[in-house]
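Colleague: I am new to reading protein models. Could you walk me through one, feature by feature?

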Amino acid sequence: MDIDAWVWWLIGAVGLGIPLVLTAMPEFGMFAVGAVAAAVTAALGGGVVAQVLVFVIVSVALIAVVRPIANRHRDQRPQHRSGIDALRGRTAVVLERVDGSGGRIKLAGEVWSARTLDTDTSFEPGQSVDVVEIDGATAVVM
């Protein structure tokens with residue numbers, strides 16, 4: 001039983017698709033597309049040299065074009081801050097007098113203990129303050 005070359009290229013494409021799914025490395029998908037292009041070349045009657053050239057050219061072209069675009073999009077994703085990182089830089093309202101030894105603020109809808117960054121400064125209830133950092137369960141404000 002003689003199997004046509006284009007069938008072997010399709011088997012190769014499927015073989016390259018498996019690691020794509022298992023490892024999430026897009027390069028395998030680009031090689032699989034190159035194998036499909038070589039299968040089309042074989043089905044149209046292209047020789048072995050033409051099939052290999054089409055496979056190499058399509059695969060390399062996809063890697064050369066798609067990878068930089070994907071990297072650019074990956075680098076442009078918005079960075080979402082979470083946890084205490086999301087609280088830094090936010091504005092809070094003083095509930096109880098805040099000074100170097102303590103106090104209470106309302107930050108992100110919750111009541112937090114707070115202290116001032118500068119021990120000589122104090123804030124009275126109703127004033128707005130900026131959160132500089134979170135130290136344990138205490139917001140450091142200024």
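Colleague: Which residues does UniProt list for "transmembrane region"?

Modeller: The unreviewed UniProt entry lists residues 6-22 and 52-70; such positions use the numbering used here, feature names are shortened, and annotations may be inferred rather than shown by experiment. This is a predicted model, where local features need pLDDT of at least 70 and side-chain atom pairs count only at pLDDT 80 or more, while totals for chains, interfaces and linings use all residues. Residues are numbered from 1 along each chain as its sequence is written, and side-chain values use heavy atoms, with hydrogens and water left out.

Colleague: How much helix and strand is in residues 6-22?

Modeller: Helices (H or I, at least four residues) and strands (E, at least two) are DSSP runs, numbered from the N terminus. Residues 6-22 are 100% helix and 0% strand, with end C-alpha atoms 25 Å apart. Residues 52-70 are also 100% helix and 0% strand, and there the end C-alpha atoms lie 26 Å apart.

Colleague: How do I describe two packed helices?

Modeller: Use the angle between their axes and the distance between the axes. Here, the axes of H2 (residues 26-43) and H3 (residues 48-75) come within 8 Å and cross at roughly 145°. Axes are lines fitted to C-alpha atoms, for helices over the stretch in contact, and angles run from 0 to 180 degrees between N-to-C directions.

Colleague: Which residues of H2 and H3 meet?

Modeller: Contact means heavy atoms within 4.5 Å. Among those in H2 are Met 30, Phe 31 and Ala 38, and the H3 side includes Val 54, Phe 55 and Leu 62. The residues of this contact divide into 14 nonpolar (Ala, Val, Leu, Ile, Met, Phe, Trp, Tyr, Cys and Pro), 4 polar (the others, Gly among them) and 2 charged (Asp, Glu, Lys and Arg).

Colleague: Is Thr 116 buried or exposed?

Modeller: Buried means under 20% relative accessible area, exposed over 50%, and partly exposed in between (1.4 Å probe, protein chains only). Thr 116, in strand E3 (residues 110-116), counts as buried because its relative accessibility is 1%. Not counting residues up to four places away in sequence, Thr 116 touches several residues, including Val 98, Phe 123 and Val 140.

Colleague: And where does Leu 10 lie?

Modeller: Leu 10 lies in helix H1 (residues 5-23). Leu 10 is partly exposed, because its relative accessible area is 33%. Leaving out residues up to four places away in sequence, Leu 10 touches Val 36 and Ala 39.
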